[in-house]
Each structure stands twice: as C-alpha cells, then as structure tokens.
Amino acid sequence: MSVAHETHDDHGHHVELPFWRKYVFSTDHKVIGIQYAVTALFFLLFGFTLMMMMRWQLAYPGQPMPLIGTFFSEANMPGGIMVPEFYNQLGAMHGTIMVFLGVVPLAVGGFGNYVLPLQVGAPDMSFPKLNMASYWVFLPGGLIMLASFYAEGGAAQSGWTSYSPLSNTAPAGQTWWLIGMIFLITSSLLGSVNFIVTTIQLRVEGLSFFRLPFFTWAQFVTAFLLLLAFPPLEAAGVMQLMDRVAGSSFFLPSGLVISGQLLDVAGGGNPLLWQHLFWFLAHPEVYVLILPALGIVSEIITVNSRRPLWGYRTLVYSIISLGFLSFIVWAHHMFMTGMGTAMSNFFQTTTMIISIPSVIILTALALSLNGGSIRFPTSMLFALAFIPMFAIGGLTGLPLGLTAADLHLHDTYYVIAHFHYVVAPGTVFALLAGVYHWYPKVTGRKMNEALGKLHFWISLIGINVVFMPMFFVGMAGVSRRLYDQTQYAYGAQVQGLTAMSSWGAWFLGAAQIFFIINFFWSRKNGEKVESDNPWNATTLEWATPTPPPHGNFPEVPKVYRGPYEYSVPGAKSDFSPQHVEEG
Amino acid sequence: MDEIPYTVKPHPLSGLYSGKLGIWLFLASEVMLFGALFSSYILLRVGSDSWPVGSELLNIPLAMLNTFILIISSVTVVLGWASLKLGEHGKAKMYLWVTVLLAFGFLIVKGFEYGAKFSHHISPATNNFYATYFTMTGLHGLHIVGGIAVFVYLLTSGSKLLEENPEHYTNRIECAGLYWHFVDLVWIFLFPALYLL
Amino acid sequence: MAETAEEIREHSKVYIKILIALLALTLLTVAVSYQDFGSVYASVFVGLLIATIKGSLVACYFMHLIDEQKIIYWVLGIAVFFFTVLMAVPYLTDSNSVFNR
Amino acid sequence: MQEKIYGYWLPLNVSTHGEAVDQLINVLHVFMALLFVGWGIFFVYCLIRFRQSANPTAQYEPIHAKPAKYIEIGVIVFEAVLLVGLSMPVWSDFKDALPSESEALTVHVMGEQFAWNVQYPGKDGVFGRKAPQFVTPENLLGLDPDDPNGKDDFNSINNLHIPVGRPILIKLTSKDVIHSFKVPVLRLTQDAIPGQEIPFWFNTTRTGNFDIACAQLCGLGHYRMRGQLHIQSQADFDAWLAEQEVEESDDEFSF
C-alpha cells in the first residue's frame with residue numbers, strides 16, 4: 001500500500017510527452033476521465049448483454065436461445081438451453097459489472113475526474129500520478145472480472161452480494177471475483193482521496209464552499225462515502241478470500257452438511273458477519289450511484305431552464321445529511337435474518353428519515369423548473385426523465401423499508417423493480433444526459449440531436465416496459481433470482497408479465513445502437529461548436545478553451561458569484577458566468 | 001499555469017499542503033479497514049462458545065520485542081524528520097535507514113513467529129482464533145512491507161529530490177512518517193487484543 | 001507553523017521522553033495481563049485503556065495532532081464516528097437476534 | 001380451487017397477520033400513487049407553461065414554495081404514522097408474541113440444497129436430537145439413532161401439513177447455505193441461516209394447498225425448492241398424522 005502523496009512532476013517547462021505518456025499512462029485528469037468513461041461505457045454494454053441473455057431464459061424457460069444459442073460451450077448452454085449454473089453466473093456478473101465496473105467508474109471516475117477540476121478552477125487533480133494509478137488499478141480489476149468467466153466452474157455465481165456460506169463453497173470464479181473486487185476497491189479509495197483534496201485545496205480565489213456548483217458537492221460527498229464505506233468490504237473480502245483459500249471459517253458455522261458430506265472446517269463463524277460488512281458498504285455504495293446523478297441533473301436543468309437552482313443551500317445540507325444517514329441504514333437489507341424488534345425498529349426509522357432529503361432534493365429540482373424558460377436538447381430530455389423515474393424508485397422504497405410490508409415483498413421482483421428504477425432510468429439516464437451535455441466540451445462537437453431524441457424516446461418507453469411489470473410480478477410474490485418462475489403456481493400466473501419485460505429489455509437494447517452510432521459518429525463529423533460555452537452555462541468548466549489544454553485555464557480565473565446566476569435582473573445577458581467580473 | 005498549487009506551500013485557509021491532507025484521508029480509510037477487522041474479531045469471539053486464551057497460544061516475549069521495535073522505529077522516523085527540518089540531511093538519512101532496518105527486524109521476528117506456528121501445523125484453518133490472528137497480523141505485516149517500500153524509495157532514487165527541493169522532500173518524509181506512526185498505532189491495539197486478552 | 005531550530009531540538013527531547021513512556025507502558029500492559037481482575041471484561045477494559053493511552057501518545061506527539069489544523073480534526077472526527085458505527089455491528093448481530101443458540 | 005388464489009396484485013391471504021400487511025401495502029400504494037400523480041401534474045405543468053417559446057425570459061427570484069413545504073411535512077407525518085402505527089406493531093407481534101409451546105403446533109423445518117425437511121415430533125411429541133454427523137441419504141434430518149425420542153419423528157419432505165385456525169410455531173434452520181422460507185399466501189418470509197435456529201409463528205384462517213418457495217439464492221436448484229403447504233381441517237390433519245406414524249414405525253428405525 002504505497003503512500004498516497006506523489007506530486008506533479010514539477011519540471012516547470014512544458015515538454016511534449018511521447019504518445020504512450022500522453023494518452024496511455026497520462027497523468028492529465030481529462031485523459032484519465034475519458035479512459036474511465038470509455039471503459040465504463042464498454043462494461044455497461046457488456047453487463048447489459050449478459051442481462052439480455054438472462055431475459056431469454058426468464059421469458060421462455062428451457063427453450064433453446066435462437067441465433068446465438070449455439071455460440072456457447074456445452075457446459076453453459078447445451079443445445080442452446082441455458083443451465084441454472086450459467087444463469088446464476090450471468091445474474092451475479094450482471095450485478096457486479098453494472099455497479100462496480102459500469103456506473104461507479106462512469107459517474108465518479110469519468111465525469112468526476114473530467115469535470116470536477118474544471119469546475120473548481122484547478123489545473124489538474126492534486127495528485128495526478130495517484131489519479132493515473134487509480135485507473136490502472138481499476139482496469140486489472142475489470143479484466144479479472146471478465147476473465148473469471150473462463151475460471152474452472154465459471155464466474156462468480158452467488159449473486160453480486162455473494163452471501164456466504166454459498167459463496168464460500170462456490171467454484172473458483174468466486175476467488176477471482178474477490179481478487180477483482182480488491183483491485184476495484186483500492187482504485188476507488190485512491191480516487192476518493194484525490195477528489196476530496198482537490199475540492200478542498202485547489203478551489204480558485206473567490207470560490208467558497210457555498211459557491212461550488214452542486215455537481216462538485218455531489219462528487220465531494222460521494223468521495224467521502226467511497227473513502228469510508230469501501231474499506232469494510234475490503235476487510236470482508238480479505239476474510240472471505242482467507243476462507244476460500246486458507247481454509248479458515250470466518251463465515252462458516254460449524255456442522256455444515258454440503259451435498260451429503262459433513263464439511264470438515266473449523267466452524268464457529270457467522271454468515272451474518274459477511275452480510276453486515278457487505279451491506280455496510282453496499283448501502284453507501286447505492287448512494288455513490290445516485291449522488292453524482294443528482295449532481296449532473298441539477299447542472300443540466302439549471303442550464304436549460306435559464307433559472308437558478310431552487311434552494312441551493314437546502315440542497316447542499318440535504319446531500320450532506322444523505323451522506324451521513326446512508327451509513328446507518330444498511331440493515332434494512334437484512335430485516336428477515338432473524339433480527340430482533342429493537343434493531344429492526346431502529347433501521348426502519350432511519351430508512352424513513354433518509355427518504356426526507358431525497359424528497360427535498362427532487363422537489364427542489366422540480367421547483368427549479370417553475371418560472372424558467374426551458375429548452376429541450378437531448379441532455380435536458382434525459383435529465384427531465386430522470387426526475388419522475390427516480391421518484392418512482394424512491395417511493396417504491398417505502399414498502400420495502402417498512403418491515404411489515406417487507407414481510408411479503410422481501411427478496412421478490414418488487415425489490416428488483418425498486419432498485420432498477422433508481423439505477424436504470426435514474427442514474428444511467430442522468431449519465432447519458434451528462435454525456436450529451438459535456439460531449440461538446442470534450443470533443444468540440446455536439447452530438448446529433450435527431451439520433452439523440454430517437455435514442456431518448458425509445459429508451460424511455462423500453463425501460464418502463466422492462467421494469468413496470470416487475471412491480472406486479474413482485475407483488476404476486478415471485479422470488480428473485482429464479483431460473484424458471486413457472487415452477488410456482490403464482491409464478492406461472494404472471495409469466496406473461498415477465499415475457500413482456502424481456503421484450504422490453506431487447507427493445508431497450510436495440511435503442512442503445514443509436515447512442516453508440518451517435519457517440520462515435522459525432523466525434524468526427526458532429527456539428528462543430530461555435531463557442532467555448534455552447535449551452536451558455538455559468539460554471540467554470542465552460543470558461544476553458546474547447547477541448548481544455550493541459551493545465552486547463554490559460555490564466556487563473558477568479559470567481560465573483562454563485563454557480564447558477566441565470567436571468568439576473570439588469571444583467572447584460574441571461575447568464576452571468578462565475579468568472580466574469582461585471583454582471 | 002502548469003504547476004499545481006499547494007503541493008509544497010501550505011494553503012492559506014486550510015494551513016496544509018495537499019499531501020498532508022491526502023495522507024490523513026488515506027489513514028481515515030485505514031481506520032475503517034482495521035475497524036472492520038476488529039469488529040469481526042469481537043463478533044466472532046463473543047459469538048463463539050470456545051475461544052482459546054491468546055496468551056497461552058502465542059509467544060508473548062517475541063510480540064513484546066516487536067512492539068518495542070515498532071515504537072523505537074516510530075521515534076527514529078520523527079527524529080529523522082526533525083533533523084531534516086534542521087537541515088542536517090546526513091543525520092536524517094541515518095535515522096531513516098535505522099527505521100528501515102527496524103522494520104525489517106519486525107518482519108524477521110514476525111517470520112519466526114509464523115514459522116513456529118506453521119511448523120506445528122497451525123494455520124488459519126485450525127480455528128477462528130488463529131484465522132483472525134493470521135489475517136490481522138498478516139494484513140498489518142503487508143502494511144509494514146508497504147511502508148518499507150516507500151522509505152527505501154525515498155532514501156534511494158527519491159532522495160535526489162532532497163537536493164532540488166528540500167522542503168518538498170521533508171513534506172514527503174512527514175507523510176511517510178504519519179503513515180508509519182499509524183501502522184505502529186494499529187500494532188499498539190493489535191498487541192493486547194490478540195496476545196494478551 | 002515554521003518552527004525555529006531551538007523549538008525543534010526541544011521537540012526532539014519530548015520525543016525521547018515519549019519513547020520511554022511508551023516502552024514503560026508496554027511492559028505495564030504485559031504485566032497487567034497476568035493479573036486477574038475478576039471478570040474478563042475488567043481485564044479487557046484495563047488492557048484497552050493502556051493501549052488507548054499509548055495510542056494517544058503516538059497520535060498527539062509523533063503525529064502532531066496536538067496542534068493540527070481544523071480540517072484534520074474534521075476528517076478524523078468523521079472517521080471516528082463511522083468507526084464507532086462499525087463497532088456497533090457485533091453488538092447488533094449478537095445481542096438482538098431472536099435465535100436461541 | 002375455482003376462486004382465484006393468485007392474481008396480478010396481492011395473492012389470496014390465508015394468515016391472521018396477513019390482513020394488517022395487506023392493509024399497509026395497499027394504503028402505502030394509494031399514498032404513493034397520489035403523491036406521484038399530484039407531483040407529476042405539477043411537473044408537466046411546469047414543462048409546458050415555462051417552455052422557452054411560451055416564456056422567453058426566466059424569473060430570477062426563487063418561487064416561495066409554501067405549499068411544497070406543507071406537503072413535505074404532511075408526507076413526513078404520514079410516513080411516521082405508518083411506521084409507528086402499522087408497521088412496528090405488526091412486526092413486534094410477528095416477532096415477539098411467540099405462542100406458548102402448549103397451544104401451538106411446533107414443527108422443525110430444515111432447509112437444504114434444494115428441499116425443505118419438515119420434522120414432526122410424532123406421538124411422543126418430543127423432537128429427537130439432531131446432529132450433522134448422522135446425516136445419511138435415508139436420514140436427511142440427521143436424527144441421532146440412539147435417542148429414543150427420535151424414534152417416532154418423521155420427515156415429510158417438502159410437505160408442511162398444518163391444522164387450520166391453530167397457531168403454528170416453526171423452528172427454522174438450514175443444513176448448508178442460507179435459504180429463505182417464503183409463503184406468499186401467508187405473507188411470510190424468514191431466512192433459514194445455517195448454525196442458527198430461528199423461531200417464528202403464524203396462524204391460518206382457511207384450508208387449502210399453497211406453494212412454499214425459497215427466496216434466497218442457494219445455488220443451481222434455487223428455483224426448484226418448491227414445497228407444498230397443506231392447511232387441513234383438524235380431522236384431516238389428525239388422520240394424516242396417524243397415517244404418517246403407522247408408515248414410519250414399520251420401516252426406517254426397526255433395524
């Protein structure tokens with residue numbers, strides 16, 4: 001664990017770096033941001049395809065998969081029919097890849113690395129070499145996760161939560177999963193140190209904490225969540241690795257009989273210990289997924305409604321309280337593990353309390369629209385769609401947070417619909433909005449609006465066709481992670497809805513082709529940007545030339561006002577950027 | 001504007017150069033890492049009905065020697081940093097090399113301890129006490145190795161920075177020193193928890 | 001906080017005193033462990049008390065927490081707060097579960 | 001069963017505590033729908049009313065959102081009422097008010113990879129000692145052969161027979177990995193954790209055959225861990241019990 005404080009190589013003059021130092025092993029936060037973003041987009045696509053395969057087995061259990069069924073090995077899909085082990089592998093890796101390799105690197109690694117230093121007015125991150133190290137520790141983690149599909153017995157197959165004792169006795173892929181996780185956690189830790197120090201130390205003159213754009217606040221709180229919540233999972237991962245490799249039994253109670261044989265292990269462990277340590281991370285982790293999305297959406301909504309953010313101070317206090325509260329709600333994932341009433345009442349109450357800041361933030365975003373003059377570029381469409389979708393995700397958390405309702409809804413498709421509404425039409429839509437919004441600053445060209453709108457409308461419809469039926473499937477009581485729900489009477493009854501979800505998923509998958517085409521096509525022949533500030537925004541990242549050179553700002557900017565000064569009465573234009581002296 | 005501010009000079013408001021704030025944040029995450037391990041140790045110990053007494057199974061004199069080694073190495077780091085501040089570069093390097101040697105000493109003593117255990121076929125699989133013992137002291141040992149690597153780098157190829165920009169080099173030593181004191185701090189809690197109680 | 005030369009030499013003497021105190025406390029910890037304090041919890045408490053004293057000596061003097069900037073206290077305060085939450089995990093799982101072992 | 005047991009919304013409820021659970025779920029969903037529709041209307045109104053073509057210059061001052069603040073406070077109060085008024089009492093009743101051993105029928109359920117072992121005490125009403133080392137393919141429960149109480153115990157795999165209208169106390173554990181005993185019609189989920197024996201209870205209101213499922217991923221056969229819950233009248237149950245005891249006494253343990 002090397003010490004985290006290398007500094008920028010301080011040769012004053014600017015030397016032309018060789019290609020591999022300029023683009024591969026670069027210490028420039030913008031290059032690292034792009035590396036993270038592109039890798040994360042690829043992993044999102046890969047995780048998405050894993051899910052689309054699962055959806056075939058869910059919709060038409062036991063029938064051979066058309067077209068690509070025969071591509072897979074006999075062990076995984078004999079005659080094109082998916083075996084349960086392979087289904088579990090797809091499920092576990094879909095969750096792991098989407099969360100740890102897709103959304104977090106894109107939201108924190110990609111957008112955070114690229115935009116935060118610009119919004120703070122810094123030439124680069126405080127520790128550029130450390131920033132580069134965090135990407136190059138993240139990539140091996142990702143590759144190990146991909147390679148684990150070829151481990152003997154397949155990839156990890158005990159869910160993205162990998163509860164023990166199931167994960168202790170799983171085949172070799174689980175060990176690869178653990179090693180991959182340790183890489184990813186170390187990468188996030190190094191990254192979060194960089195974010196916090198940059199936000200505190202490198203703010204330009206005049207940029208007090210309460211003049212920071214809301215996106216920077218979101219990344220700042222997210223960095224603290226990453227910094228303090230990830231290590232316990234690293235400890236738990238080390239312990240499970242010891243369990244699997246060195247034969248210890250941290251999480252294995254004594255007297256286990258696995259497939260008929262008494263497991264000869266010292267025993268005395270407690271399976272709940274893994275659950276506690278895992279969820280101690282995983283709940284702050286889901287807030288790591290949503291806070292950057294809130295930051296991106298608030299930037300885009302204020303820019304495109306030409307109006308200041310409603311209640312900036314209340315929003316900042318809400319996001320800080322969200323950060324704190326997210327650490328004391330984790331056991332609402334474990335209501336049904338034989339927990340006593342005192343503990344479950346405590347966690348019920350904190351879960352209700354944590355819903356308040358989220359409601360405040362959402363209402364504030366909606367109120368920011370009132371009285372605005374709203375434009376509808378694609379980035380704004382995605383940001384606007386985020387708000388009601390995140391509202392559905394948040395509201396459906398209420399029945400799951402109350403133990404009495406959780407009695408019926410625990411571990412059913414209702415849970416799957418709840419968190420997917422927060423993550424899929426929530427975070428991923430916000431991240432797509434961010435790509436459309438900042439693409440002109442990164443490449444100097446706008447993404448095509450027609451393709452963008454096409455991508456938006458089809459994705460919006462598709463995503464609701466996928467996840468809305470799941471609420472009803474869950475209400476009927478269908479458990480999650482079932483290879484074939486028609487085994488149960490109540491499952492067969494709602495099989496039609498599951499098939500509908502599957503068709504929605506493939507429809508949604510098709511819609512992403514427009515985004516991929518748009519993403520690569522616009523790089524070379526998108527509409528050229530006429531000014532460094534195409535959206536007429538006020539925050540500092542638009543004060544840099546397009547694309548920002550090494551060192552970002554030709555001369556150090558000074559900040560004179562808050563982040564969202566739009567339509568100031570008596571000002572020359574309808575926006576007054578932070579770094580411009582007079583109104 | 002190419003140079004990153006506040007890498008060497010402290011920030012007017014926070015009064016810190018970036019490295020110090022960075023190392024303290026890193027130590028905060030380390031507090032959580034070892035906190036999780038201690039919390040698991042307490043849970044496993046309270047939860048189990050037969051937990052052996054540490055002092056009978058483990059070698060107390062060796063562990064005490066290790067504690068002395070780490071405390072002394074903590075002092076030599078701080079003295080090294082102080083003499084750097086005074087500009088006595090030669091004395092500083094001597095102190096820091098002593099720290100590295102003491103750290104190696106710690107690992108060697110740790111090696112004897114582990115060697116004795118393995119020769120008696122005791123391993124993490126024996127029971128949860130040994131599992132916790134090996135995991136916690138093992139992870140702590142890895143942190144010692146990390147510390148040695150940093151100090152050796154600073155004393156060899158990194159030391160040319162001492163001539164170029166002494167204050168920058170002193171800051172780096174201070175950060176490495178903070179990390180080293182934290183590793184000693186963890187051992188101060190690890191020693192009674194595993195060996196004595 | 002640019003210290004003058006004498007202050008630094010002065011500090012060096014303090015470090016030596018702290019060293020001696022720490023070595024003595026280590027011997028005390030070992031000696032204490034052989035004593036029997038009635039219940040296990042008493043000996044655990046005494047052992048941890050001595051360890052905390054040693055720890056705070058290292059933290060205050062060697063790590064200069066005695067006169068440190070406000071931000072560092074904030075960072076450590078947050079870490080210690082969530083450390084105590086993490087330490088509540090064993091209490092939560094064990095005392096409050098309904099199963100009868 | 002001609003009447004619908006399983007539909008698109010909540011399945012039929014046959015347990016006593018299910019009433020309160022259904023009420024809470026339905027009240028919550030009405031509350032959520034109201035909030036979402038009301039809030040959605042405001043959202044769409046803002047988009048249409050304040051689009052650029054209709055409102056070229058935006059307004060700088062923040063609108064004073066008195067109604068929004070009151071609505072939020074109302075939401076918080078309503079949530080608190082649901083939490084303390086409905087959820088906590090139902091939960092503590094389910095968790096703490098375990099029926100006494102005498103009036104309740106006690107059954108030991110042990111989950112294993114891909115089946116539910118249901119152990120009945122047999123005529124003597126005492127459960128035999130179980131230990132993992134005695135587990136064999138014939139003796140899945142791991143009953144101790146030389147424990148007299150265990151002689152008349154029997155294991156009705158995947159079939160939980162219970163008399164209607166009587167509190168049932170189930171001691172749930174697992175042999176290998178974490179399973180989760182889930183009966184949608186009973187509005188009940190309880191994790192089966194190896195190394196722990198978790199007691200829970202329920203009482204039923206009508207007879208019928210319903211599905212038992214495993215709700216926690218427990219390996220490749222997680223989807224086929226289907227059990228049957230037979231809620232019978234007292235007479236049928238006694239007949240079934242008697243028939244089981246006859247069947248058990250003549251083979252298994254008479255070696």
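Colleague: What share of the contacts in chain A between residues at least 6 apart in sequence joins residues at least 24 apart?

Modeller: That share is 79%, where two residues are in contact if their C-beta atoms, placed from the backbone, lie within 7 Å. This is a predicted model, in which local features need pLDDT of at least 70 and side-chain atom pairs count only at pLDDT 80 or more, while totals for chains, interfaces and linings use all residues. Residues are numbered from 1 along each chain as its sequence is written, and chains are lettered from A in the order in which they are written.

Colleague: Why does the radius of gyration of chain A agree with that of a compact globule?

Modeller: The radius of gyration is taken over C-alpha atoms, and the globule rule is 2.2 Å times the number of residues to the power 0.38. With 583 residues the rule gives a value near 25 Å, and chain A has 24 Å, so the two agree.

Colleague: How many of the residues of chain A count as buried?

Modeller: Of its 583 residues, 66% do; a buried residue has 20 or more other C-beta atoms within 10 Å of its own.

Colleague: What makes a set of residues a nonpolar core?

Modeller: Such a core consists of buried Ala, Val, Leu, Ile, Met, Phe, Trp, Tyr and Cys residues joined through C-beta atoms within 7 Å. The largest one has 346 residues, and Phe382(A) is among those with the most contacts inside it. Helix H3 of chain A (residues 84–120) supplies the largest share of this core, 21 residues; a helix here is a DSSP run of H or I with at least four residues.

Definitions and conventions. A residue is buried if 20 or more other C-beta atoms lie within 10 Å of its own, exposed if 12 or fewer, and partly exposed in between; C-beta atoms are placed from the backbone. Helices (H or I, at least four residues) and strands (E, at least two) are DSSP runs, numbered from the N terminus.
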